[in-house]
Amino acid sequence: MDIIDFHVHAGSFPLLRDDIQGLLTNFPFETDVDVKEVFSNPVFLKAYLQKLGVKRAVVLAECGPGTNYSIDSKLIAEFCKADPFFIPFGNINPNHHESPVDEWKKGRELGIKGYKFYPADHDFDPFIDSMWEVYGLCERAGQPIMFHTGLTGQRDASQRFIRPSELRSLVEKYPDLRVVFAHGGKPNWYTEALEMATQYENVFLDTALVPPADVVDWIKYSPTIQNKVLFGSDLPVSGGYSKLLEKYQASELTEAAREAIFFGNASRLLSIELNEVAEQVAKRA
Ligand SMILES: [Zn+2]
């Protein structure tokens, strides 16, 4: 099966905060895999993913307390630079970056293709003026953005701004902006995430840390949603990748749903429509 993984974390393992290092080494991995190497070295990460059918991987920056602010857009751009297998998504944290707009401009020069934002883990209000400006820039540049939605496990998290419905004003203000609700609002807000992904053309859900049986339920609840769901592993928080894929193999997903979720939807979102959206918005402006 061909896979595009929309949700992979990487960086430099030794730079992570102690408790996050402990967390990542606690998940069971395949016996021949060293999670520290896979996390820190693009050659190892690609070899690991490719063996399991992954064709492209979106690699996410996270510049917050859990990573000791080490995994910024620059680090991820450099991690991904040598190989188009990786698609670098940056991160802007207004509690850390003095000017979110300047940070966005830096990311643009570095080749960042999209962004993930973590309001709860980084304890910020996503509706401050400077972030509104960043979302507008992302829309015009055709860069998809992702938000962490649902409960978060990081010890610093405020558990604020985690409900998908809280992002309604954003998706209404920027209708051409591709917005991915990471984790689909797990585990308490699936219904509102599904309703929004059904209602708004450019809202998508990723499957990171969502049990495959729940993904099957999403599609039962709303069959058209299979065109709005993106497979994301959340590696290395996922633990062993082969185990995760086995669970999907054993699930009741139809062949068509599997193809859409694991490849088709992300390929449309990332390659074809990326440029088209930028053109559309430029024309409208
Ligand atoms: Zn994640």
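Trainee: Which residue follows α3 and has a positive phi?

Mentor: This is a predicted model, in which local features need pLDDT of at least 70 and side-chain atom pairs count only at pLDDT 80 or more, while totals for chains, interfaces and linings use all residues. Residues are numbered from 1 along each chain as its sequence is written. Helices (H or I, at least four residues) and strands (E, at least two) are DSSP runs, numbered from the N terminus. The phi near 100° after α3 belongs to Gly53.

Trainee: Which residues of α3 are buried?

Mentor: A residue is buried if 20 or more other C-beta atoms lie within 10 Å of its own, exposed if 12 or fewer, and partly exposed in between, with C-beta atoms placed from the backbone. In α3, which spans residues 42–51, the buried ones are Leu45, Tyr48 and Leu49.

Trainee: What covers the buried residues of α3?

Mentor: Contact between two residues requires their C-beta atoms, placed from the backbone, to lie within 7 Å. One of the covering elements, strand β1 (residues 3–9), has seven of its seven residues buried. The cover of α3 includes β1, α2 (35–40) and β2.

Trainee: In β2, what is the bridge partner of Asp5?

Mentor: Strands β1 and β2 (residues 54–60) run parallel and are joined by five bridges. Two strands count as paired if DSSP finds at least two bridges between them. The partner of Asp5 is Ala57.

Trainee: Which are the edge strands of the open sheet?

Mentor: The sheet has eight strands with parallel pairing, in the order β1-β2-β3-β4-β5-β6-β7-β8. An edge strand here pairs on one side only, and the two are β1 and β8 (229–230).

Trainee: In β7, what is the bridge partner of Val180?

Mentor: Strand β6 (residues 179–182) pairs in the parallel sense with β5 (residues 145–148) over four bridges, and with β7 over three bridges. In β7 (residues 203–206), Val203 and Leu205 on one side and Phe204 and Asp206 on the other are all buried. The partner of Val180 is Phe204.

Trainee: Which residues have the most contacts inside the largest nonpolar core?

Mentor: A nonpolar core is a set of buried Ala, Val, Leu, Ile, Met, Phe, Trp, Tyr and Cys residues joined through C-beta atoms within 7 Å. The largest one has 81 residues, and those with the most contacts inside it are Val59 and Phe89.

Trainee: How are α4 and α5 oriented, roughly parallel or roughly antiparallel?

Mentor: Axes are lines fitted to C-alpha atoms, for helices over the stretch in contact, and angles run from 0 to 180 degrees between N-to-C directions. Angles under 35 degrees count as roughly parallel, over 145 as roughly antiparallel, 65 to 115 as roughly perpendicular and the rest as oblique. Helices α4 (residues 73–81) and α5 (residues 100–110) pack at about 10°, with axes 10 Å apart. That angle makes α4, relative to α5, roughly parallel.

Trainee: Which residues of α5 make the contact with α7?

Mentor: The axes of α5 and α7 (residues 129–141) come within 8 Å and cross at roughly 25°. That makes α5 roughly parallel to α7. On the α7 side the contact is made by Ser130, Met131, Glu133, Val134, Leu137 and Ala141, and on the α5 side by Pro100, Val101, Trp104 and Arg108.
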